[in-house]
Amino acid sequence: MKENKICGVIGHQPSSLPFGFDPADGRCARLKQAIGAAVETMVSENGVRGFLCPVNVGAEMLAAEAVQALPGYGDEITLTAVMPFETQASDWAEADRDRYFGILQHCTAERFTGRYYDDTCAARNHDAILAKADVLLAVWNGAPGEIAYTVQRAREKNLPVIRIDPNCV
């Protein structure tokens with residue numbers, strides 16, 4: 001088994017989550033727990049030591065926080081924020097921006113795949129993540145769209161895909 005594997009992380013934004021992004025909703029807590037368990041398993045049983053995540057509002061923020069909560073984070077476990085453009089958080093609610101910048105402050109590294117928003121920035125960002133990943137964690141409800149595209153691309157590359165369906169937690 002290859003050690004020091006890299007896990008790419010992608011997931012839905014609040015508009016595609018059954019609870020939006022309401023932390024008071026029990027489904028949000030269950031999704032956070034499921035993501036945390038998946039991240040822990042990848043580290044303890046599958047040799048993952050690095051995570052790549054776009055850190056968008058929703059499932060990706062939950063995943064980034066789960067990685068940062070791991071024992072050994074910052075020493076043997078890393079999180080690189082791989083973001084599609086520099087002003088990603090500029091139109092977000094203040095609380096979401098504060099959470100985002102708090103996550104970035106504790107990331108091991110940051111990387112932008114573009115400077116500005118355009119129609120291809122999300123696909124380009126996910127492709128950059130897949131180019132470095134050995135496995136993909138996808139919080140995906142099964143619907144067509146950007147997450148489906150990325151899961152399909154991962155499968156074409158024969159990457160293992162760990163899927164968490166936010167509708168089933």
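**Entry 1: Thr80**

I started with Thr80 and found it in strand β3; strands (E, at least two residues) and helices (H or I, at least four) are DSSP runs numbered from the N terminus. I was working on a predicted model, where local features need pLDDT of at least 70, side-chain atom pairs count only at pLDDT 80 or more, and totals for chains, interfaces and linings use all residues. Residues are numbered from 1 along each chain as its sequence is written, and side-chain values use heavy atoms, with hydrogens and water left out.

Is Thr80 buried or exposed? I noted Thr80 as buried, at 16% relative accessibility (buried is under 20% relative accessible area, exposed over 50%, partly exposed in between, with a 1.4 Å probe and protein chains only). Leaving aside residues up to four places away in sequence, Thr80 touches Phe51, Leu52, Cys53 and Ala109, where contact means heavy atoms within 4.5 Å.

**Entry 2: aromatic rings**

Next I searched the whole structure for aromatic pairs and got three. Rings of Phe, Tyr and Trp (its six-membered ring) pair if their centres lie within 6.5 Å; planes under 30 degrees apart are stacked, over 60 edge-to-face, the rest tilted.

Phe85 and Tyr117 make an edge-to-face pair, 5.6 Å centre to centre with 75 degrees between the planes. Phe85 is in the loop between β3 (78-83) and α3 (94-105), and Tyr117 in the loop between β4 (109-112) and α4, so this pair ties together parts 32 residues apart in sequence. I wrote down Phe85 as buried at 11% and Tyr117 as exposed at 55%.

Trp92 and Tyr100 are also edge-to-face, at 5.0 Å centre to centre and 75 degrees between the planes. Trp92 is buried at 17%, and Tyr100 is buried at 1%. Ring pairs join Trp92, Tyr100 and Phe101 into a cluster.

I also looked up Trp140: the charged end of Arg163 sits over its ring, 4.8 Å from the centre (NZ of Lys or CZ of Arg within 6 Å of the ring centre and within 35 degrees of the ring normal).

**Entry 3: the largest pocket**

Last, I turned to the largest pocket. Which residues lie nearest its centre? They are Gln13, Asn56, Ala122, His126 and Glu146, from a lining of 21 residues. A pocket is an open set of points on a 1 Å grid where a 1.4 Å probe fits, with protein on both sides within 12 Å along at least five of seven lines; lining residues have an atom within 4 Å of a point.

Helices α4 (121-132) and α5 (146-156) each supply at least two lining residues, and α4 gives the largest share, four.
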